[in-house]
Amino acid sequence: PPRESSIGILARAVNRIEDNQMPVVLGRGAERLLLQHLATKMSLPIRLAMSNLWLFGPIVSTVMSYFPDNNGAIRTTAIASLISGGVKDNVLPTWANATVSFRIHTVNTVNEVLDYTRNVISDDRVKMTVIEAIPPSPESNSAPDTFGYQVIKLSLAEAFPNILTGPTLSLANLDGRHYLSLTSDVYRFSPTIQSAADMSQVQGTDERISVENYEQTVCFYYNLMLNSDKKYDRATPKKDLREL
């Protein structure tokens, strides 16, 4: 038999992709706004780090990278989801296929991801084919005079009184992208509370939310509909919706 099989070559390529994730882009996307919002409520050392990413960015990104949900907010991620090859246990495989799923950060492009991945694999025997490419959606406005964001923020505070709110990235590929032809501000948000244990169940076995969280979710959407019907003056950028 040859020294390398097609499965071995492919496995090595997949391993290189997963071991060499794309560079961190902390501070260049919506995660910057989230850290700025949260920093004001943090202890002095954390507030100092979050408010000065130009200096403490490498430390903050290293910490965030340890947590899968945070890692996806600071870089484009890649994970193999399907792999196949061979037809029989005593026949050498002539081919092998793998599907790798990329969640592209808003500051990256599809072509940048392809070029980076090709360089990481560094093996001309491995051919890449794009099955489907969905460019990252643009960031939606979260300024004080933005009706959509502010009405969500108000409705969230009414349903969850003791939480902090701030803009961030949605890591899921949601149907909201289909509305971008109607408006530039599309907010992908679900008012669910998830612990670290719950995160492991997302799109997996026994995915669920608690009964209490279900009630809070209903409350949020109820308030969202009521608050969306209130008059809002775009000419007063710093006016709080609570005053309307």
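This is a short walk through one predicted model, from the overall layout down to single residues.

Start with the whole chain. There are 244 residues, and 28% of them count as buried. Taken along the principal axes, the C-alpha atoms fill a box of roughly 75 × 40 × 35 Å. The secondary structure comes to nine helices and two strands. What order do the elements run in, from the N terminus on? The answer is α-α-α-α-α-β-β-α-α-α-α. So much for the layout. Now contacts. Take those between residues at least 6 apart in sequence: 70% of them join residues at least 24 apart.

Next, the cores. In soluble globular proteins, nonpolar side chains tend to be buried together. Which residues make up the largest nonpolar core here? There are nine: L26, L35, A39, A49, M50, L53, V60, M64 and I74. Helix 4 gives the largest share, with three residues. Look at L53 in particular. Setting aside neighbours within four places in sequence, L53 is in contact with L26, G27, L35 and V60. There is also a second, separate core. That one has seven residues, among them V151, I152, L156 and L224. Keep those names in mind for the next stop.

Helix 7 covers residues 147–159. Helix 9 covers 211–228. How do their axes meet? They come within 8 Å and cross at roughly 135°. That angle is why helix 7 counts as oblique to helix 9. On the helix 7 side we have F147, V151, I152, L154, S155, L156, E158 and A159. On the helix 9 side we have Q216, C219, F220, N223, L224, N227 and S228. The four names from the second core, V151, I152, L156 and L224, turn up in this contact too. As for handedness, helix 7 passes helix 9 in a right-handed crossing.

The other pair is helix 1 and helix 6. Helix 6 spans residues 110–121, and the two axes come within 9 Å, crossing at roughly 125°. By that angle, helix 1 is oblique to helix 6. A13, R16 and I17 of helix 1 make the contact with T117, V120 and I121 of helix 6. Helix 1 passes helix 6 in a right-handed crossing.

Stay with helix 1 for a moment. It runs over residues 6–19, and S6 lies in it. What does S6 touch beyond its neighbours within four places in sequence? S6 is in contact with P93, T94, W95 and A96. A polar atom of the S6 side chain lies 3.2 Å from the backbone oxygen of P93.

Last stop, a loop residue. Q201 is found in the loop between helix 8, at 196–199, and helix 9. Is Q201 buried or exposed? Its relative accessible area is 15%, and the cut-off for buried is under 20%, so Q201 is buried. Leaving out neighbours within four places, Q201 is in contact with D206, E207 and R208.

Definitions and conventions. Residues are numbered from 1 along each chain as its sequence is written. This is a predicted model: local features need pLDDT of at least 70, side-chain atom pairs count only at pLDDT 80 or more; totals for chains, interfaces and linings use all residues. Side-chain values use heavy atoms; hydrogens and water are left out. A nonpolar core is a set of buried Ala, Val, Leu, Ile, Met, Phe, Trp, Tyr and Cys residues joined through side-chain atoms within 4.5 Å. Buried means under 20% relative accessible area, exposed over 50%, partly exposed in between (1.4 Å probe, protein chains only). Helices (H or I, at least four residues) and strands (E, at least two) are DSSP runs, numbered from the N terminus. Contact means heavy atoms within 4.5 Å. A polar contact is a pair of N or O atoms within 3.5 Å; within protein, one must be able to donate a hydrogen and the other to accept it, and residues adjacent in sequence count only if both atoms are side-chain atoms. Axes are lines fitted to C-alpha atoms, for helices over the stretch in contact, and angles run from 0 to 180 degrees between N-to-C directions. Angles under 35 degrees count as roughly parallel, over 145 as roughly antiparallel, 65 to 115 as roughly perpendicular and the rest as oblique. A crossing is left-handed if the near helix is turned anticlockwise from the far one by less than a right angle, and right-handed if clockwise.
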